[in-house]
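Please keep the sequence and the structure in view while reading.

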Amino acid sequence: MTAYRYLQLDVFAHHPGTGNPLGVVFDADGLSTDRMQALAAWLNLSETVFFLRPTAAGADYHVRIFTPASELPFAGHPSVGAAWAAVTCGLVQPRDGALVQQCAAGLLPVQVTGPANAPTIRLASPAARLLPTAPGAVPEALRAVIAEGQGAELWDNGPRWWLLPLRDADAVRTLVPDMAALRDWSMATDALGAAVFALEPGSDHDLVVRAFCPADAPNVPEDPVTGSVNALIGAWLRQRGALPGKNGSYVASQGREVGRDGRVQVTVDAQGTVWIGGQVQPVIDGNIRW
């Protein structure tokens with residue numbers, strides 16, 4: 001067995017325990033894909049990232065992202081957490097507040113502000129694509145509360161998520177999903193899962209979001225706070241000219257229904273790039289033997 005430095009972070013969290021846990025394994029070049037996947041399954045967090053030496057020109061650092069069941073080309077909370085870890089642990093030095101992350105989805109720009117021991121991270125999501133996949137048999141629990149005149153759409157920014165705008169925030173908050181039906185629907189349509197959302201103007205947020213992925217993570221069927229989903233929803237809202245907040249920026253609330261209280265900062269710039277960010281809290285710093 002080899003000892004690897006290990007962090008466990010809470011991403012999109014204003015204090016520990018309110019966001020989405022992330023496992024971070026450093027200097028993982030000696031681990032095979034199978035061993036990375038096995039460790040991610042054993043940790044049983046929604047995602048674990050593994051730092052490797054960059055192989056692409058222009059990249060400051062390189063990560064691979066695993067759920068307990070599969071590798072993802074991109075995921076939001078692992079990418080924000082990885083950038084935070086790279087800066088705070090001294091792996092990289094931002095150049096005029098900028099970094100470049102290498103992952104399976106390509107090279108992603110990162111913006112870093114604030115002190116090196118507690119930076120604020122914003123990361124550019126891969127471009128969002130609306131896929132022409134027919135929704136097929138949408139689970140009844142979702143069909144019953146979808147917003148009038150809207151339908152389920154499959155969007156892709158690395159992972160593929162069904163997006164469903166619901167009639168109001170209460171419908172999102174009180175939804176009791178049929179996880180078995182969601183699992184079957186996701187598997188039948190080659191999707192990671194489904195996300196629901198609605199406007200919810202509040203003192204500290206503008207939108208409420210929930211994301212379900214029982215096919216990929218049966219032990220974590222509702223993801224606490226999901227960066228890739230929030231980036232896709234930002235693109236969905238921009239397409240319809242319906243971005244809340246001010247100047248293309250807003251805050252989404254996610255996780256309250258599973259005992260968390262995450263906040264995702266979303267900004268859509270003039271070119272249509274969706275940037276996601278939020279606070280990161282360190283929880284565990286040690287070694288892992290694998």
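P73 is partly exposed because its relative accessible area is 26%, which lies between the 20% limit for buried and the 50% limit for exposed. The model is predicted, and the values below are computed from it.

**P73 and its surroundings**

- P73 sits in a loop, with β5 (71–72) on one side and α2 on the other.
- Leaving out residues up to four places away in sequence, P73 touches C103, A104, A105, G158 and P159.
- One of these contacts is with P159; the two prolines, P73 and P159, are 86 residues apart in sequence, yet their C-alpha atoms are 6.9 Å apart in space.

**Overall fold**

- How many helices and strands does the protein chain have? There are six helices and 18 strands.
- The radius of gyration of the protein chain is 18 Å, which agrees with the value near 19 Å that a compact globule of 290 residues would have.
- Along the principal axes, the C-alpha trace spans about 50 × 40 × 35 Å.
- Among contacts in the protein chain with a separation of 6 or more, 63% are between residues 24 or more positions apart.

**Burial and surface**

- Of the 290 residues in the protein chain, 54% are buried.
- The protein chain has an accessible surface of about 11900 Å².
- Carbon and sulfur atoms account for 51% of that accessible surface.

- Rolling a probe the size of a water molecule over the atoms shows where empty space is left.
- The count of cavities of 30 Å³ or more comes to one.
- The largest cavity holds about 110 Å³ of space.
- Its lining is made up of 18 residues, and those closest to the centre of the cavity are E47, W161, L192, D223 and T226.
- Which elements give two or more residues to the lining of the largest cavity? They are α2 (76–88) and α6 (227–239).
- The largest share of the lining comes from α2, with three residues.
- By residue class, the lining of the largest cavity divides into eight polar, seven nonpolar and three charged residues.

**Where the topics meet**

Methods
Residues numbered from 1 in each chain as written. Predicted model: local features only at pLDDT ≥ 70, side-chain atom pairs only at ≥ 80, totals over all residues. Heavy atoms only, no water. 1 Å grid on protein atoms, 1.4 Å probe; cavity = no way out; pocket = protein on both sides within 12 Å on 5 of 7 lines; lining within 4 Å. Points joined across faces, edges and corners; volume = space filled by probe spheres on them. Helix = DSSP H or I, 4+ residues; strand = E, 2+ residues; numbered from the N terminus. Nonpolar A, V, L, I, M, F, W, Y, C, P; charged D, E, K, R; others polar. Rg over C-alpha atoms; globule rule 2.2 N^0.38 Å. Buried < 20%, exposed > 50% of the residue type's maximum accessible area, 1.4 Å probe, protein only. Contact = heavy atoms within 4.5 Å. Areas by Shrake-Rupley, 256 points an atom, 1.4 Å probe, with all protein chains shown as cover.
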